[in-house]
Structure formats: C-alpha cells, structure tokens
Amino acid sequence: MPGSVKDKTQNKPPENNWRNTLYTIIFEADTPAGKLFDEVLILTILLSVIVVMLDSVSGIAAVYGGLFHILEWIFTILFTVEYFLRLICVGRPLRYATSFFGIIDLLAILPTYLSLLLPGSRYLLVIRSLRLLRIFRVLKLVQYVGEADLLIKALRASRRKITLFLFAVLNLVVILGSLMYVIEGAESGFTSIPRSIYWAVITLTTVGYGDIVPVTNLGQALASVIMIIGYSIIAVPTGIVTSEITFASKNLNGRVCQNCSFEGHASDAKFCKRCGAEL
C-alpha cells in the first residue's frame, strides 16, 4: 500500500547488515559497545579541546607547538572518519547532516581544514566542546534534560513570551535610565540619556562595572531598587523556557530512529513519529 508505514521502513538496513551493527555501536548507548564508543568519543573530545586551549598559551606552544599540531590533525582525522561513518550507517544521511548534532559534528572538523587557508581559524576547534552534549545519552539523562530538538521546540514555543519579556525590560531600562539622568546629572557621570540607559542595563543585569555610580541619596535608593528588580527578573525567562521543556519532554526517552536519527520517542512507541519507520 503506497505511503504506508511498511513502505517507509524499506530503507532500513537488515538486522544482520553491517550498517545495522555500525549504527548500534555509534548511536545506541544502551549496548556495551555503544556505551564504550560514546565514552571513548567524549574522552577524545576533551583531549582535543585541551590541546587547542594549551596551544593558545604562547609559553607552552613555544615548546610543544609541533606536538600540538600533530595531535590536532590526528583528532581531526578521527572525527572526520567518525562523521562519515555516522552518515553511512543512517537511513537518511542528509537528515542527520542537517540535524543539530550533525551540524556540530561538521563544525568540529572544519576549522582544521580551514586553517590551511585561513591561519588562526583552528582555534575555533573549541566548538568541539559542544559535542560533549552527547554525554546526556551516555548517562541516560536525556529523559530529564532533553536533546537538541526538544530544546529548540521549547524555545520556539516560548518565543512570544520571551519577546514580550524583553520588550518590557527594554522599556524599563529606558525609563529608569532617563530617571537616573534627571536625578544625578552630568556631575555624577550621567552625561546623557543613552549613557544613563547603559548604566541601567548593567545594573539591572547585576553586572555593575562601577564606571558610573550614583552619589545622591535618591539616586542610590533608585539604584537599590533596580538591583532588586534585576535579581527578581532573572527567573522569568528561565521559568518560561523550563515550563515549555517540561511540557514537551513528557513521555520522551533516548531511543533513536535508525531511519532518520530522531531521538525522542515514547517508551512503548513502535514507529518513529517523524518518519514513520519501525523502531
């Protein structure tokens, strides 16, 4: 029957196919081989990031620069092989390549090759640290934290609330900054409304560089109120996103669809909710 679930699973490798075995090792952390693969991968990522960081220290690079360069290429070649193995064993390589982890995997190897044309771009390899997000699957924490698609879904669902919140904060700093300009004036460093708004922003965000400070009693009282407001509004965007993540993550676990690489499914799900393939 055209368009049926059976038709959609025809591209799935046979159970004894070498691609299926490779897929189980690379994508599934529930098996001993899969867990070992992820643990070795995470350790390799950590070592590669440490090498890049040490290479940026001039004193250490002067002594071990040659070794770091060799190690950098070794790590890059290993990650390149791993990236192509991931593409080979999935049912839909393009879908994985354009997924969150697929893009991160690609960005982890590009800087080294770009350094052949653009010297200095290899330091962008610290982006490899983002690949440590895979540790959630190894430790089986994905059901609590969620994976990339879940986070993106939560951010999209809360974008209107966050936009409204940011608009309210923007209005607040304009009003408070203008009020402080009137209270303190140029004598205290509040030479203009834009500069006063800058002070309101860093005070509301609890940063407080100290380059501009109120000196009058009224100004200091207003500054105290702004600081208290700053602490209170920190929880607003956090609560918005967290509630959306909690709502979207119900009944999700770390199971992965071999056909499209989608990772969030109900524990009793038999078919992938993205592509319809059999799990």
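The model is predicted, so local features need pLDDT of at least 70 and side-chain atom pairs count only at pLDDT 80 or more, while totals for chains, interfaces and linings use all residues. Residues are numbered from 1 along each chain as its sequence is written, and side-chain values use heavy atoms, with hydrogens and water left out.

**Helix pairs**

Two packed helices are described by the angle between their axes and the distance between the axes. Helices here are DSSP runs (H or I, at least four residues), numbered from the N terminus. Axes are lines fitted to C-alpha atoms over the stretch in contact, and angles run from 0 to 180 degrees between N-to-C directions.

| Pair | Angle | Axis distance |
|---|---|---|
| α2 (residues 18–27) and α4 (residues 58–89) | about 125° | 9 Å |
| α3 (residues 32–55) and α4 | about 145° | 9 Å |
| α11 (residues 159–184) and α13 (residues 217–233) | about 170° | 10 Å |

Let's begin with α2 and α4, which are oblique to each other because of their angle; angles under 35 degrees count as roughly parallel, over 145 as roughly antiparallel, 65 to 115 as roughly perpendicular and the rest as oblique. The crossing of α2 and α4 is left-handed, meaning that the near helix is turned anticlockwise from the far one by less than a right angle. On the α2 side, W18, R19, L22, Y23, I26 and F27 take part, meeting L85, R86, I88 and C89 of α4 (contact means heavy atoms within 4.5 Å). This contact has 8 nonpolar, no polar and 2 charged residues; Ala, Val, Leu, Ile, Met, Phe, Trp, Tyr, Cys and Pro count as nonpolar, Asp, Glu, Lys and Arg as charged, and the others, Gly among them, as polar.

Helix α4 also meets α3, again in a left-handed crossing. Among the α3 residues in contact are F37, L41 and D55, and the α4 residues include F68, E72 and R86. By class, the α3 and α4 contact holds 12 nonpolar, 3 polar and 4 charged residues.

Further along, α11 and α13 are roughly antiparallel and cross in a left-handed sense. Their contact includes F165, M180 and E184 from α11 and G219, Q220 and I233 from α13. It comprises 13 nonpolar, 2 polar and 1 charged residues.

**Aromatic pairs**

There are 6 aromatic pairs, with ring centres of Phe, Tyr and Trp (its six-membered ring) within 6.5 Å. One of them, Y23 with F27, is stacked at 5.0 Å centre to centre and 25° between the planes (under 30 degrees counts as stacked, over 60 as edge-to-face and the rest as tilted). Both residues belong to α2, 4 residues apart, about one turn of the helix.

**Annotated segments**

An unreviewed UniProt entry lists residues 40–64, 70–89, 164–183 and 221–241 as "transmembrane region". Residues 40–64 are 92% helix and 0% strand, with end C-alpha atoms 24 Å apart. Residues 70–89 are 100% helix and 0% strand, and their end C-alpha atoms lie 29 Å apart.

Technical notes:
Helices (H or I, at least four residues) and strands (E, at least two) are DSSP runs, numbered from the N terminus. UniProt positions are given in the numbering used here, feature names are shortened, and annotations may be inferred rather than shown by experiment.
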